[in-house]
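Welcome! Please take a look at what is shown below before reading on.

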Amino acid sequence: MPTLRLGDIAPDFEQDSTHGRLRFHEWLGDSWGVLFSHPADFTPVCTTELGRTAQLKSEFAKRGVKAIALSVDTLDSHSRWVPDIEQTQGTTVEFPILADADRKVSQLYDLIHPNASATATVRSLFVIDPAKKVRLIITYPASTGRNFDEILRVIDSLQLTDSHSVATPVDWQPGQRVVILPSLQDPEVLKAKFPQGFEAVRPYLRLTTLPGQAA
Ligand code: BEZ
(Lines give C-alpha, C1' and ligand atoms only; values in the text may rest on other atoms or scores of the structure.)
Protein backbone atom coordinates (compact mmCIF):
# COMPACT_ATOMS: atom_id res chain seq x y z
CA MET A 1 0.00 0.00 0.00
CA PRO A 2 1.59 3.35 -1.00
CA THR A 3 1.88 6.07 1.64
CA LEU A 4 -1.30 8.03 2.15
CA ARG A 5 -0.97 11.66 1.06
CA LEU A 6 -3.07 14.81 1.24
CA GLY A 7 -5.77 14.80 -1.41
CA ASP A 8 -5.94 10.99 -1.57
CA ILE A 9 -9.24 9.24 -0.97
CA ALA A 10 -9.22 7.85 2.58
CA PRO A 11 -9.14 4.05 2.22
CA ASP A 12 -12.45 2.38 2.99
CA PHE A 13 -12.55 -0.61 5.35
CA GLU A 14 -14.82 -2.78 7.43
CA GLN A 15 -13.75 -3.35 11.03
CA ASP A 16 -15.09 -4.12 14.52
CA SER A 17 -15.66 -1.20 16.85
CA THR A 18 -17.24 -0.39 20.18
CA HIS A 19 -20.32 0.58 18.10
CA GLY A 20 -20.39 -2.75 16.30
CA ARG A 21 -19.08 -3.79 12.90
CA LEU A 22 -18.50 -0.61 10.92
CA ARG A 23 -18.03 0.21 7.23
CA PHE A 24 -15.94 3.37 7.26
CA HIS A 25 -17.23 5.30 4.23
CA GLU A 26 -20.81 4.36 5.02
CA TRP A 27 -20.30 5.42 8.64
CA LEU A 28 -18.84 8.77 7.52
CA GLY A 29 -21.78 9.48 5.24
CA ASP A 30 -21.70 13.18 4.24
CA SER A 31 -19.80 14.24 7.36
CA TRP A 32 -16.24 15.32 7.87
CA GLY A 33 -14.22 12.72 9.80
CA VAL A 34 -11.35 12.58 12.26
CA LEU A 35 -9.73 9.14 12.39
CA PHE A 36 -7.00 8.92 15.01
CA SER A 37 -4.81 6.11 16.29
CA HIS A 38 -3.36 5.70 19.77
CA PRO A 39 -0.65 3.28 20.93
CA ALA A 40 -2.55 1.22 23.49
CA ASP A 41 -5.51 1.00 25.86
CA PHE A 42 -5.00 1.59 29.60
CA THR A 43 -2.14 4.03 29.05
CA PRO A 44 -2.08 7.53 30.55
CA VAL A 45 -1.68 9.84 27.53
CA CYS A 46 -4.21 7.88 25.46
CA THR A 47 -6.72 8.05 28.31
CA THR A 48 -6.48 11.86 28.32
CA GLU A 49 -6.72 12.10 24.52
CA LEU A 50 -9.85 9.96 24.28
CA GLY A 51 -11.36 11.84 27.22
CA ARG A 52 -10.71 15.17 25.50
CA THR A 53 -12.27 13.90 22.27
CA ALA A 54 -15.38 12.93 24.23
CA GLN A 55 -15.48 16.33 25.95
CA LEU A 56 -15.30 18.06 22.55
CA LYS A 57 -18.42 16.25 21.25
CA SER A 58 -20.39 19.47 20.70
CA GLU A 59 -17.40 21.23 19.05
CA PHE A 60 -17.05 18.38 16.55
CA ALA A 61 -20.82 18.28 15.99
CA LYS A 62 -20.91 22.06 15.34
CA ARG A 63 -18.44 21.51 12.51
CA GLY A 64 -20.20 18.44 11.10
CA VAL A 65 -17.31 16.16 12.14
CA LYS A 66 -17.50 12.53 13.32
CA ALA A 67 -14.57 11.27 15.44
CA ILE A 68 -13.33 7.68 15.55
CA ALA A 69 -10.33 6.26 17.45
CA LEU A 70 -8.24 3.16 16.76
CA SER A 71 -5.67 0.90 18.34
CA VAL A 72 -4.66 -2.71 17.80
CA ASP A 73 -6.20 -3.69 21.13
CA THR A 74 -9.20 -5.99 21.18
CA LEU A 75 -12.86 -5.06 21.48
CA ASP A 76 -12.90 -6.60 24.94
CA SER A 77 -10.00 -4.39 26.01
CA HIS A 78 -11.67 -1.24 24.59
CA SER A 79 -14.90 -2.11 26.39
CA ARG A 80 -13.11 -2.52 29.71
CA TRP A 81 -11.11 0.72 29.18
CA VAL A 82 -14.02 3.04 28.27
CA PRO A 83 -15.39 3.20 31.87
CA ASP A 84 -11.89 4.16 33.05
CA ILE A 85 -11.75 7.01 30.52
CA GLU A 86 -15.19 8.18 31.60
CA GLN A 87 -14.42 8.03 35.33
CA THR A 88 -10.97 9.64 35.18
CA GLN A 89 -11.78 12.32 32.56
CA GLY A 90 -15.33 13.11 33.74
CA THR A 91 -17.01 12.52 30.42
CA THR A 92 -19.03 10.03 28.36
CA VAL A 93 -17.33 8.35 25.41
CA GLU A 94 -19.93 8.36 22.64
CA PHE A 95 -17.67 7.98 19.58
CA PRO A 96 -16.55 4.54 18.32
CA ILE A 97 -13.15 3.00 18.97
CA LEU A 98 -11.95 0.60 16.27
CA ALA A 99 -10.55 -2.71 17.46
CA ASP A 100 -7.85 -3.27 14.85
CA ALA A 101 -6.43 -6.46 16.35
CA ASP A 102 -5.82 -7.90 12.87
CA ARG A 103 -4.07 -4.62 11.86
CA LYS A 104 -6.18 -4.28 8.73
CA VAL A 105 -6.74 -0.53 9.15
CA SER A 106 -3.27 0.02 10.58
CA GLN A 107 -1.78 -1.33 7.36
CA LEU A 108 -4.11 0.71 5.13
CA TYR A 109 -3.24 3.93 6.99
CA ASP A 110 0.44 3.09 7.77
CA LEU A 111 -0.09 3.35 11.52
CA ILE A 112 2.67 1.01 12.67
CA HIS A 113 6.13 2.54 12.32
CA PRO A 114 8.43 -0.39 13.10
CA ASN A 115 11.39 1.76 14.12
CA ALA A 116 9.21 3.45 16.74
CA SER A 117 7.38 0.30 17.88
CA ALA A 118 6.98 -3.08 16.23
CA THR A 119 3.56 -3.64 17.74
CA ALA A 120 1.85 -0.39 18.78
CA THR A 121 0.22 2.16 16.51
CA VAL A 122 1.73 5.66 16.45
CA ARG A 123 -0.37 8.73 17.24
CA SER A 124 -1.55 9.56 13.74
CA LEU A 125 -4.62 11.63 12.90
CA PHE A 126 -6.41 12.15 9.61
CA VAL A 127 -9.00 14.80 8.82
CA ILE A 128 -11.24 13.59 6.01
CA ASP A 129 -13.67 15.82 4.13
CA PRO A 130 -17.18 14.93 2.91
CA ALA A 131 -15.73 13.88 -0.48
CA LYS A 132 -13.63 11.35 1.54
CA LYS A 133 -10.41 13.20 0.69
CA VAL A 134 -7.61 13.28 3.26
CA ARG A 135 -7.09 16.95 4.20
CA LEU A 136 -4.74 16.72 7.20
CA ILE A 137 -2.23 14.10 8.34
CA ILE A 138 -0.30 14.45 11.59
CA THR A 139 1.83 11.89 13.41
CA TYR A 140 2.98 12.37 16.99
CA PRO A 141 5.22 10.17 19.14
CA ALA A 142 3.62 7.91 21.74
CA SER A 143 4.87 10.09 24.60
CA THR A 144 3.26 13.34 23.37
CA GLY A 145 -0.48 13.91 23.57
CA ARG A 146 -1.94 15.82 20.64
CA ASN A 147 -3.44 19.30 20.90
CA PHE A 148 -7.12 18.94 20.06
CA ASP A 149 -7.64 22.72 20.01
CA GLU A 150 -5.19 22.74 17.10
CA ILE A 151 -7.13 20.00 15.34
CA LEU A 152 -10.34 22.04 15.63
CA ARG A 153 -8.43 25.10 14.38
CA VAL A 154 -7.27 23.24 11.27
CA ILE A 155 -10.81 21.98 10.61
CA ASP A 156 -12.08 25.59 10.89
CA SER A 157 -9.41 26.69 8.43
CA LEU A 158 -10.18 23.91 5.93
CA GLN A 159 -13.90 24.60 6.09
CA LEU A 160 -13.30 28.34 5.47
CA THR A 161 -11.10 27.52 2.49
CA ASP A 162 -13.91 25.43 1.01
CA SER A 163 -16.70 27.90 1.75
CA HIS A 164 -15.00 31.30 1.26
CA SER A 165 -11.91 30.77 -0.98
CA VAL A 166 -9.57 31.93 1.77
CA ALA A 167 -6.51 30.58 3.53
CA THR A 168 -5.47 31.27 7.12
CA PRO A 169 -2.16 32.85 8.08
CA VAL A 170 0.35 31.85 10.72
CA ASP A 171 -1.10 31.28 14.20
CA TRP A 172 -4.56 32.26 12.93
CA GLN A 173 -7.45 31.91 15.33
CA PRO A 174 -11.15 31.96 14.37
CA GLY A 175 -12.37 35.55 14.02
CA GLN A 176 -9.01 36.94 12.93
CA ARG A 177 -8.27 38.20 9.42
CA VAL A 178 -7.82 35.61 6.67
CA VAL A 179 -5.95 35.78 3.37
CA ILE A 180 -7.56 35.60 -0.06
CA LEU A 181 -6.38 32.63 -2.12
CA PRO A 182 -3.71 33.81 -4.59
CA SER A 183 -5.56 31.94 -7.37
CA LEU A 184 -8.36 34.54 -7.15
CA GLN A 185 -7.31 37.45 -9.37
CA ASP A 186 -10.37 38.49 -11.41
CA PRO A 187 -11.49 41.92 -10.00
CA GLU A 188 -15.17 41.12 -10.62
CA VAL A 189 -14.88 37.81 -8.77
CA LEU A 190 -13.01 39.51 -5.93
CA LYS A 191 -15.74 42.18 -5.66
CA ALA A 192 -18.47 39.54 -5.63
CA LYS A 193 -16.75 37.29 -3.09
CA PHE A 194 -15.39 40.01 -0.81
CA PRO A 195 -17.84 42.98 -0.93
CA GLN A 196 -16.41 44.05 2.44
CA GLY A 197 -13.09 44.74 0.63
CA PHE A 198 -9.58 43.71 1.56
CA GLU A 199 -6.16 45.12 2.36
CA ALA A 200 -3.53 44.33 -0.27
CA VAL A 201 -0.28 44.41 1.74
CA ARG A 202 1.35 42.95 -1.36
CA PRO A 203 -0.41 41.77 -4.54
CA TYR A 204 -0.06 38.21 -3.20
CA LEU A 205 -0.88 39.05 0.45
CA ARG A 206 -4.47 40.26 0.68
CA LEU A 207 -6.14 40.31 4.08
CA THR A 208 -9.85 40.44 4.72
CA THR A 209 -12.30 40.05 7.57
CA LEU A 210 -15.11 37.64 6.87
CA PRO A 211 -18.57 39.04 7.66
CA GLY A 212 -19.84 37.87 11.05
CA GLN A 213 -16.44 36.46 11.97
CA ALA A 214 -14.59 39.42 13.49
CA ALA A 215 -12.79 38.53 16.72
C1 BEZ B 1 0.44 6.73 26.81
O2 BEZ B 1 -0.60 6.72 26.15
O3 BEZ B 1 0.48 7.22 27.92
C4 BEZ B 1 1.71 6.16 26.26
C5 BEZ B 1 1.64 5.10 25.37
C6 BEZ B 1 2.82 4.58 24.89
C7 BEZ B 1 4.04 5.12 25.29
C8 BEZ B 1 4.08 6.19 26.16
C9 BEZ B 1 2.90 6.72 26.65
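How many bridges join strand 3 to strand 6? There are four, and these two strands run antiparallel. Please keep in mind that this is a predicted model. The points below start with strand 3, then turn to its partners and to one residue of strand 6.

- Strand 3 covers residues 32–37, and six of its six residues are buried, so the strand is largely enclosed by the rest of the structure.
- Trp32, Val34 and Phe36 point one way from strand 3.
- Gly33, Leu35 and Ser37 point the other way, and the residues of both groups are all buried.

**Pairing with strand 4**
- Strand 4, made up of residues 65–71, pairs with strand 3 in the parallel sense, and six bridges link the two.
- If you look for Val34, you will find Ala67 of strand 4 standing opposite.

**Pairing with strand 6**
- Strand 6 spans residues 123–128 and is antiparallel to strand 3.
- Leu35 has Phe126 as its bridge partner in strand 6.

**A closer look at Arg123**
- Arg123 also belongs to strand 6.
- Is Arg123 buried or exposed? Its relative accessible area is 2%, and a residue under 20% counts as buried, so Arg123 is buried.
- The Arg123 side chain reaches the backbone oxygen of Pro141 at 3.4 Å.
- That side chain of Arg123 also reaches the backbone oxygen of Thr144, again at 3.4 Å.

Technical notes: Residues numbered from 1 in each chain as written. Predicted model: local features only at pLDDT ≥ 70, side-chain atom pairs only at ≥ 80, totals over all residues. Heavy atoms only, no water. Buried < 20%, exposed > 50% of the residue type's maximum accessible area, 1.4 Å probe, protein only. Pairing = 2+ DSSP bridges. Polar contact = N/O pair within 3.5 Å; in protein donor to acceptor, adjacent residues only side chain to side chain.
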